[in-house]
Amino acid sequence: MMPSHRLRSMSGRDPLEAGRAASTLELLFDLTFVIGFGTAASQFAHYLAEGHVAVAVVGFVFGAFAVAWAWMNWSWFASAYDTDDWAYRLLTLVQMIGTLILSLGLPSLFASIDSGEHIDNRTMVSGYVVMRVPMIIQWLRAARADSARRGVCLIYARTIAVAQTGWVALALAPLTLWPSVTLALLLISVEIVGPVLVSRRHGGTPWHPHHIAERYGLLVIIALGEGLLGTMAALSTLFDASGWSVDFVLVGLAGVGLTFGIWWSYFLFPSGDLLHHHRARSPIWGNGHIPLLIAVVAVGGGLHLAAYSLGGEAALSPTATILAVAVPVAAYIVLVYALFGALTRALRPMHWWMLAGSMALTVTAVGFVAAGGAMPVGLTVIAAVPWVTVVGQEIEAFRHERESPVASRESVGT
């Protein structure tokens, strides 16, 4: 017999529930963020190709932050209070619509920054309103049902309402770039610091460590999709120009190898187990994923820019183009170790050597292209950057297993 989806009490999920995994609704919800990240990356590449670097960077950072933060709001709540009743499902549907509206507003944001007039984020903020009204309702439902955490649920609802009011005011005010950036940074601080203070002073919600680690991992995979799209754009440009060639093969290997290396290096670290043992450190880990996700999506945008460059359609120099890939890759590597260190507080000399080796490869790739080297070769060198961590960690894991057959992967990570 099929289960019903009648209204259920939001009393909170068991944070130690065995076998907790992402639901099909969560996976469906994530699909809307494919569009958000994709739109941000394509706009980033487009404005870089036209030589409007400041517009591309500022617009992309704010756009990608908005997409990532919208996902995090819902996902942490879902880890704690997923009842999967009809109200929960329909409210999620409304939030998915809000995500799509948010994505529709990204081109207007970039265009308004480029024009130098007032920042047009009205459509994006409208999407946030559509997303956050259901989110406030969900927190109020949780406050009503979960008496032990009623206070923290009500504070979350109020914090979201206050922050959203600020975003609406910012959208309606005819401000130019830097006043808008200043106020936006203030609101972002409220968005990030507010939940952290609430959790510390009033206790947290019953989120599941392995579930939330899986959810973040799935979002990283979605962000990595931009790398494959950027690779395909570059390959299409090369194939149309010269068919099968050495450059074609190098770019293909570089793009796929880079994407695969980022995936492998990210999932080397047992985040679920670490969150289970260090639950109080989760705010740093969770919020620290915002710049990490921005970096991963930017890698895809950089590869898309490389496609423009290889097709002779980019105003940027080859050195600037390779930097558009190298900088986010380097940022990703630094942030991976930073997040691991934030959870364990136990970075060893081995980790610092791997980090140094990764940075050295990055500098080598940029220097090679700056000296007149071919772009496909430079991309191939950058593709090796995450593999420094992969190879180093795998060798270390093998050494531990050989010394102690019962050594686990978790013991290597910690």
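Reply: Start with burial: a residue is buried when its relative accessible area is under 20%, exposed when over 50%, and partly exposed in between. Bear in mind that this is a predicted model.

Me: How is a pair of aromatic rings described?

Reply: Two values are used, the distance of the centres and the angle of the planes. In this structure the count comes to 26 aromatic pairs. One of them joins W71 and Y216, with 5.1 Å centre to centre and 85 degrees between the planes, which is edge-to-face. W71 sits in helix α2 and Y216 in helix α8 (residues 209-242), 145 residues apart, so this pair links distant parts of the chain.

Me: Is W71 buried or exposed?

Reply: W71 is buried, because its relative accessible area is 0%. Y216 is buried too, at 1%.

Me: Which geometry do the rings of Y266 and F267 have?

Reply: Their centres are 4.9 Å apart and their planes stand at 80 degrees, so the pair is edge-to-face. Y266 counts as buried at 7% relative accessibility, whereas F267, at 30%, is partly exposed.

Me: Which residues touch the most other members of the largest nonpolar core?

Reply: That core has 119 residues, and F60, W139, L292, Y332 and L379 touch the most other members. Helix α2 (residues 53-81) supplies its largest share, 18 residues. Beyond its neighbours within four places in sequence, L292 contacts V220, Y266, Y332, L335, V336 and L339.

Me: Which residue lies over the face of W207?

Reply: R279 does, at 3.9 Å from the ring centre.

Definitions and conventions: Residues are numbered from 1 along each chain as its sequence is written. This is a predicted model: local features need pLDDT of at least 70, side-chain atom pairs count only at pLDDT 80 or more; totals for chains, interfaces and linings use all residues. Side-chain values use heavy atoms; hydrogens and water are left out. A nonpolar core is a set of buried Ala, Val, Leu, Ile, Met, Phe, Trp, Tyr and Cys residues joined through side-chain atoms within 4.5 Å. Buried means under 20% relative accessible area, exposed over 50%, partly exposed in between (1.4 Å probe, protein chains only). Helices (H or I, at least four residues) and strands (E, at least two) are DSSP runs, numbered from the N terminus. Contact means heavy atoms within 4.5 Å. Rings of Phe, Tyr and Trp (its six-membered ring) pair if their centres lie within 6.5 Å; planes under 30 degrees apart count as stacked, over 60 as edge-to-face and the rest as tilted. A charge sits over a ring if NZ of Lys or CZ of Arg is within 6 Å of the ring centre and within 35 degrees of the ring normal.
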